[in-house]
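User: Please take me through the helix packing, the sheet and the pockets of this model.

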Amino acid sequence: MGRTEAGQGRNGVFLFRLTKPRRSKGGVFLGQAPAAERINQGGIKEGFLGMKQWKDEVLELTKELVHHPSVNGTIGERDIAYRIYDYFKELKYFKENPHHLRLVKTLRDERERYNVLALVKGGDAAYRETVILMGHMDTVGVEDFGKWKRLAFSSDELMERWKGAKIPEKVKRDLESGEWACGRGSVDMKSGVAANMVLTRYFTEHPEELKGNLLFLSECDEEDNSHGILSALSDFLHLAREEDLSYIAAINADYTSPRYEGDPNRYVYLGTVGKLLPAFFIAGKETHVGQAFEGFDPNLVASELTRRLDYNPDFCDEMYGETTLPPVSLKQTDLKLQYDVQTPLSAFVYYNFFVHSWSPKDVLEKLKKVAWDAMDSARKQYQKRYGEYCARTGDPHQPPNWVPRVYTYEELYNECAEKYGSEFEESMRLFAMNLLNEEELDLRDYCRRMTEELWSWDEEKTPAVVLFYASIYIPRIVLNEEEERDQRLIQAVERAVESIQPDCPHPIRVRNFFPYISDMSFVAISDDQEGLDSLEKNMPAWGTKHQMDVDAIRALDVPVVNIGPYGMDAHKQWERVEVPYSMEVVPNLNYQVIKNLLGA
């Protein structure tokens, strides 16, 4: 952090100022004014330091959006777009400029879904610089609400029911404070969308404040495969050509939460974590269980992989003093379809893998070494136990005559292509296309089925591991202080936090990586071409089941930050959002960032 100087601020309030804002290991902390001078019963002193009063409007709009179910994959996800579109359609600005408001059906989508785009042009048509305000409008399901499931979309009624019920003490304290709202989507992330809507509405009434333009986006399908934002990429680029726009920054409004129990901070994030889903197809050697040592159980290798990877800090990726969570298993299974007394022929495992600095190529190289270690350890364990068994029974010890093998998908594919030529490549192409006919097939299982088909061309049929990527690529985004455009956004955020901090009873910390999965990953890419090539060649669904226009992302290439609502228990029964910070501080922070970038 830069050196701080104490001084007398506006209205005589003592505050802290950074003389040289810059990123720090562990986040930038921009000071905090004395709480006694800021806090009233509602948690924020209204009007203090000129904060605009949007809280009531954002709260009511949040409740209205929550009341419109938009669970991913349901018809409500489609209909919520109409509701947001109608909100803007009634505004005077869009009545006068209807071509600036668009309800756009998503491309290459199996469902009927829409994005909403609303462009507000500043006071001079010659201004090109444009800031994107973005947030997703879909939610996860409500099965976790149990007996309160029917009230999950009725924020006020649900809160009243909870007040009289036996609920966790922490939830009860929050509700009794009067500063929280609840319901599915309240924090993830309809309050963020509502704040963006109100902020956009404000600038339609005050375009003279902008020396540039504001583009609102609410996108569908963030909770599954990000069809919404991936489809919106072409809309961004088309709109830029049509309206002569130059995108300089994006502000995402996804939710934020405490990083640990008792964490008093509220967080703003520069850039975002990346996510990969490395998977392992493990081929064993089948046998009758009555002749167990004549085969090789692939589950033994799967367990060795999980033992090495699950929660292992050695696979945390550190950058700028911030560290990702370690890998964790999301699936581990053999591939037998029914019970019989044959040992499994193959197994399948995959792991969540967060990255800050590692490319997809880096991760493959690290995990290939792990796969070799797991295979070697499993084979040695098998041999040791087989030897001990023979010693007890007096049976002759006949060690296996096979050598473990480990491939990446690319390596095995190239080996087969070299051996079998065009026959193999055409067969794999047709298999990939025919597999698309199984519309309900999960993306992860599509990749696994492709890998099984590839393995069927191997003639040796001895135990092996094939390493590949089994889900969508969620790019990491690193804001680089050395790049002028990134530094401009970093400074705009830090100045906004500094100006708003005295209005907030909690420390606001600026960190370098949003720690959750979000659509902000798809507006820029920090990985180089070599890393992307490695991903493409090792994801069996790339270009078929999974469509991703990397060229469009590179063409957009806009630095992005996350400034969103604060709450608890997203994706859980007790989902709730803190009203004062989320609906007063957040829109004011975003207002200040926009003004710092585009202020007239």
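Analyst: Two strands pair if DSSP finds at least two bridges between them. Helices (H or I, at least four residues) and strands (E, at least two) are DSSP runs, numbered from the N terminus. The model is predicted: local features need pLDDT of at least 70, side-chain atom pairs count only at pLDDT 80 or more, and totals for chains, interfaces and linings use all residues. Residues are numbered from 1 along each chain as its sequence is written, and side-chain values use heavy atoms, with hydrogens and water left out.

User: Which residue in β22 is the bridge partner of W180?

Analyst: β7 and strand β22 (residues 576-578) run antiparallel and are joined by 3 bridges. Within β22, the partner of W180 is E578.

User: At what angle do α10 and α11 pack?

Analyst: Helix α10 (residues 409-420) and helix α11 (residues 422-435) have their axes 6 Å apart. Y409, Y413, C416, A417 and Y420 in α10 meet S422, E423, F424, E425 and M428 in α11. The helices pack at about 130°.

User: Which element gives the most to the lining of the largest pocket?

Analyst: A pocket is an open set of points on a 1 Å grid over the protein atoms alone, where a 1.4 Å probe fits, with protein on both sides within 12 Å along at least five of seven lines; lining residues have an atom within 4 Å of a point. The largest pocket is lined by 49 residues, with Y255, F354, P515, Y516 and I517 nearest its centre. Elements giving two or more residues are α5 (169-177), β14 (322-323), β16 (346-355) and β21 (567-568). The most, 3 residues, comes from β16.

User: Which element gives the largest share of the lining of the second largest pocket?

Analyst: This second largest pocket is lined by 25 residues, and E110, D224, N225, H227 and K545 lie nearest its centre. Two or more residues come from each of α7 (227-243) and α12 (443-456). The largest share, 3 residues, belongs to α7.

Definitions and conventions: Axes fitted to C-alpha atoms, helices over the stretch in contact; angles between N-to-C directions. Contact = heavy atoms within 4.5 Å.
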